[in-house]
Amino acid sequence: MHTQRSSALMFFSIVSVIAVYTYFADKDEAAKKANQPQLEVVSGAESSSQNTPAFGEKIQIETDLHSIQINLNGGDIVTADLKDQKQNIDSDENFHLFKYTPDYKYYATSDVVIEDLNQSRYLLHPNFSSEKNSYVMNAVSDIDCQNLSNEDNQKLAKLSVPLTYTDKNGTVYTKTFTFTQCKHVVNVDYAISNINKDMSIAMESKLIQSVAVPDNSSGVFMASAYRGSAFSNSENKYSKISFDDIVKKNYDTVSTAEGGWVSMIQHYFVSSWIGLAGHQNTVFTQSADNGATAIIGISSAPVNIKASPDAKIKLSNNLWIGPKIQEEMKDTSNNLDLTIDYGWLSFISSILFKCLKFIHGFVHNWGFAIIILTLLVRGLMFTLTKKQYESMAKMKQLAPKLNQLKEKYKNDKQRLSQETMRLYQTEKVNPLGGCLPMLIQMPIFIALYWTLMESTELRHSPFIFWIKDLSVLDPYYVLPLLMGLTMFLTQRMSMSSSTDPTQKTVMTVMTVVFTFMFCTFPAGLTLYWVTSNIITIIQQTVIYRHLEKKGLSMRAKNK
């Protein structure tokens, strides 16, 4: 009975903590600062708002990793498909990260904010011109992007896409997108030349997305995964801002500090504008379209320039467009890898992911890697598990004596407490011995859950037979049924004639409830639980036999 209660408590606690964390994780609030006013938009097209672009001519860019369309009105990236990720496992269609449709928009803008001698401050969002309407990267063919050497990095192909605009005073604005082979990060810089009046100039980059999830999202936006925005800088290592908070605050200056980035996050994927390191940048949020659209942006500190035909200035940001690839993001910008949201146990999850990846390097199958990692984790926890059962067995053996003390000192609680502690000392039993090992193990199991939930590598990764994708639910529900069966067997091993009938009923109902719940879990997570349950059955069998040899028993003898 003690085993059942502890096992049920541990299982229920883990699921409860995950559920509670999932609910509240999106409720992070940014610091409350002064509102940011809207800027006048100077545009070369008929458009009243920088957040609703007028579509002019679009140019197409093809690289080894991206298929991108840029709207020449403003030079916004309005569509971005990821060639290394498919929309669905059975489709050859590339994954659409940025897109602009009548019912859903998600795109990236970058403009310059200018203030002249007349104190007129405006955002320049002009009609650019391009020499070509399409650009294709000539990628180096003998390079393995998954295993780049220093020599390979020197040979990576680059593709530059320059857009130009000349204002009525002859000032030339050149916006250049530079793509690098094997990289999900794009460099975007603004070069301004032939400056004919004194001005201050800053670069403002924004990510813009519809708050509502599109109806045809096909499970891309997983309910339990965070979808929203986040930022980082020298004063804030990593902070989330939910879309709801952006809409409520409308215009908000969140933080001004050195370096940093802003991002929009969803399950497995992220986009991020990365400001120049070592420079002051301001993070801000906005909403548009009556709260239907959320915006997060980063703006560089203004730079003052004197008028001169020879005057030149160059401003630059980087844009990440891709999946959550831990190592590549870590190399791209400080703390960008934290968008892989492992939650409050990220320090444990990061270690577990490295172990998982290391194992995968040998077995080349993420399903088998999950099984092996689970075996290793449960194996390392075996000593604690054994102590937990031993403590519970001793407590069970003391139950008759404890009941006698309760009866003898039922009217003297202080004496009862003293005699109970004396009994524990005499019998060398720690009353918390059954709980402490469980409490030590819980963070590891929860961290492993989030490791499997957030690992992009599991997306569209097959296991064996009918399981073609570990990131989605088992199509035939075999793993959830196995989870329910192994959970039931674990409980039956602990049940005896002395087990309370009500408790038996509760445990049976819990098994059914958890089985249905796991029918909605990704196959990779369910595989972990099934493996863990099987290990529990084996460990219980070994521990019970060991305890019986020592004269201890976890189950009452049937009459």
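**Close-up 1. Right-handed crossing of helix 7 and helix 8 in the predicted model****.** Helix 7 (residues 382–408) and helix 8 (residues 413–427) cross in a right-handed sense. Their axes come within 11 Å and cross at roughly 150 degrees. Angles over 145 degrees count as roughly antiparallel, and helix 7 and helix 8 are therefore roughly antiparallel to each other. Helix 7 contributes Met395, Leu398, Lys401, Leu402, Leu405 and Lys406 to the contact; from helix 8 come Leu416, Glu419, Thr420, Leu423, Tyr424 and Glu427. By class, the residues of this contact are seven nonpolar, one polar and four charged.

**Close-up 2. Packing of helix 5 against helix 6****.** The axes of helix 5 (residues 346–363) and helix 6 (residues 366–380) lie 9 Å apart, at an angle of about 125 degrees. The two helices are therefore oblique to each other, and their crossing is right-handed. On helix 5, the contact is made by Leu352, Cys355, Leu356, Lys357, Ile359, His360 and Val363. Their counterparts on helix 6 are Trp366, Phe368, Ala369, Ile370, Ile372, Leu373, Leu376 and Val377. The residues of this contact comprise 13 nonpolar, one polar and one charged.

**Close-up 3. Packing of helix 6 against helix 12****.** Helix 6 also packs with helix 12 (residues 523–549), at an angle of about 40 degrees and with the axes 9 Å apart. Helix 6 is therefore oblique to helix 12. The crossing of helix 6 and helix 12 is right-handed. Gly367, Ile370, Ile371, Thr374, Leu375 and Arg378 represent helix 6 in the contact. They meet Gly524, Leu527, Tyr528, Thr531, Ser532, Ile535, Thr536 and Gln539 of helix 12. The contact residues divide into six nonpolar, seven polar and one charged. Ile370 of helix 6 takes part both in this contact and in the contact with helix 5.

**Close-up 4. The largest pocket and its lining****.** The largest pocket has a volume of about 1,000 Å³ and is lined by 27 residues. Nearest its centre lie Cys145, Gln146, Ile325, Glu328 and Lys357. Two or more lining residues are given by each of strand 4 (76–86), helix 4 (326–332) and helix 5 (346–363). Helix 4 supplies the largest share of the lining, four residues. Classified by residue type, the lining has eight nonpolar, ten polar and nine charged residues. Lys357, one of the residues nearest the centre of the pocket, also belongs to the contact of helix 5 with helix 6.

Technical notes. Residues are numbered from 1 along each chain as its sequence is written. This is a predicted model: local features need pLDDT of at least 70, side-chain atom pairs count only at pLDDT 80 or more; totals for chains, interfaces and linings use all residues. Side-chain values use heavy atoms; hydrogens and water are left out. Axes are lines fitted to C-alpha atoms, for helices over the stretch in contact, and angles run from 0 to 180 degrees between N-to-C directions. Angles under 35 degrees count as roughly parallel, over 145 as roughly antiparallel, 65 to 115 as roughly perpendicular and the rest as oblique. A crossing is left-handed if the near helix is turned anticlockwise from the far one by less than a right angle, and right-handed if clockwise. Contact means heavy atoms within 4.5 Å. Ala, Val, Leu, Ile, Met, Phe, Trp, Tyr, Cys and Pro count as nonpolar, Asp, Glu, Lys and Arg as charged, and the others, Gly among them, as polar. On a 1 Å grid over the protein atoms alone, a cavity is a set of points where a 1.4 Å probe fits but cannot get out, and a pocket is an open set with protein on both sides within 12 Å along at least five of seven lines; lining residues have an atom within 4 Å of a point. Grid points are joined across faces, edges and corners, and a volume is the space filled by probe spheres set on the points.
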